[in-house]
Amino acid sequence: MDVSYNNSPSDDEEARFSAMPERTLPNILVTGTPGTGKTSTAEMVAQLTSFEHMEIGKLVREQQLHDGYLEEYDSLDLNEDKLLDYLEEELRDGGKVVDFHGSDLFPEDWFDLVVVLRTNNTLLYDRLQGRGYTESKVQENIECEIFQECLEEARSQFPEEMIVELVSETADQMESNAERIQQWAEAFMAKSKASP
Ligand SMILES: Nc1ncnc2c1ncn2[C@@H]1O[C@H](COP(=O)(O)OP(=O)(O)O)[C@@H](O)[C@H]1O
Ligand SMILES: [Mg+2]
């Protein structure tokens, strides 16, 4: 079961969030169409860096950050306010790898790197079918990838220099993507410790 959310900006977004303090450990967002490998990649990054993997779908279920089940979408109805309140605390000290298909609900200064995973249609189709998704849900997600909705959404919310688009089609690519993110994290930490 997935988590559904709409892209409308929250009215009180400005009022509710004060700026996050500077972090010595980075927060990394891994986003992309369902099936592109967010959870597997984020888990690998967490192991390499000792950061904590936060899978939003799981968190929403376990912490009851939703308003019930939406039959039409076969997903939980995300309560954005509850999720953001919860995450704001969790992300404060950095060192988190967050994995979610959406990105424009998060304030820009919560993250230091935004990774958008990409997968070709044929492979994505097989992965989603293998997951037991209905044909219409598979199609919906394939279209999402074709129109690169997750990438556009990330671009609408985060500065271009924070965003890295990575192809995630083979096991080797997953490994090299995770290592690349690890190296980026190490560079961030070296820099943040070096500054006064
Ligand atoms: N780069 C990749 N190479 C091979 N298989 C992959 C790759 N990325 C993901 N997979 C496989 O595709 C499926 C979906 O991956 P998952 O991490 O659950 O995606 P997401 O969290 O984005 O929905 C899993 O079975 C996973 O093992
Ligand atoms: Mg996942």
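# Exercises on a predicted protein–ligand model

Arg 61 sits in helix α3, residues 56-62; helices (H or I, at least four residues) and strands (E, at least two) are DSSP runs numbered from the N terminus. The model is predicted, so local features need pLDDT of at least 70 and side-chain atom pairs count only at pLDDT 80 or more, while totals for chains, interfaces and linings use all residues. Residues are numbered from 1 along each chain as its sequence is written, and chains are lettered from A and ligands numbered from 1 in the order in which they are written.

**Exercise 1.** Classify Arg 61 as buried, partly exposed or exposed, and find how far its C-alpha atom is from that of Val 3.

Solution. Start with the cut-offs: a residue is buried if 20 or more other C-beta atoms lie within 10 Å of its own, exposed if 12 or fewer, and partly exposed in between, with C-beta atoms placed from the backbone. Arg 61 has 14 other C-beta atoms within 10 Å, so it is partly exposed. Next take the distance: Arg 61 and Val 3 are 58 residues apart along the chain, and their C-alpha atoms are separated by 8.8 Å.

**Exercise 2.** Describe the shell around ligand 1 by residue, element and class.

Solution. A residue is near the ligand if its C-beta atom, placed from the backbone, lies within 6 Å of it. There are 15 residues around ligand 1, and Gly 37, Lys 38, Thr 39, Ser 40 and Met 174 come nearest. The elements giving two or more residues to this shell are α2 (38-49) and α8 (171-194). Sorted by class, the shell has 3 nonpolar, 9 polar and 3 charged residues. Here Ala, Val, Leu, Ile, Met, Phe, Trp, Tyr, Cys and Pro count as nonpolar, Asp, Glu, Lys and Arg as charged, and the others, Gly among them, as polar.

**Exercise 3.** Which residues carry the UniProt feature "binding site", and how are Thr 39 and Arg 131 placed?

Solution. The unreviewed UniProt entry puts the feature at Gly 35, Gly 37, Lys 38, Thr 39, Ser 40 and Arg 131; positions are in the numbering used here, feature names are shortened, and annotations may be inferred rather than shown by experiment. Thr 39 belongs to helix α2 and is partly exposed, with 18 C-beta neighbours inside 10 Å. Leaving out residues up to four places away in sequence, Thr 39 touches Glu 55 and Asp 99; contact requires C-beta atoms, placed from the backbone, within 7 Å. Arg 131 lies in the loop between α5 (121-130) and α6 (135-146). Arg 131 has 12 other C-beta atoms within 10 Å and is therefore exposed.

**Exercise 4.** Check the length of α2 and list its buried residues.

Solution. The expected span is 1.5 Å times one less than the number of residues. For the 12 residues of α2 this gives 16 Å, which agrees with the 16 Å between its end C-alpha atoms. The buried residues of α2 are Lys 38, Thr 41, Ala 42, Met 44, Val 45, Ala 46 and Thr 49. Just after α2, Ser 50 has a positive phi of about 65°.

**Exercise 5.** Where do Gln 64 and Asp 74 lie, and are they exposed or partly exposed?

Solution. Gln 64 is in the loop between α3 and β4 (66-70), and its 11 C-beta neighbours inside 10 Å make it exposed. Asp 74 is in the loop between β4 and β5 (75-78); with 14 such neighbours inside 10 Å, Asp 74 is partly exposed.

Technical notes: Two residues are in contact if their C-beta atoms, placed from the backbone, lie within 7 Å.
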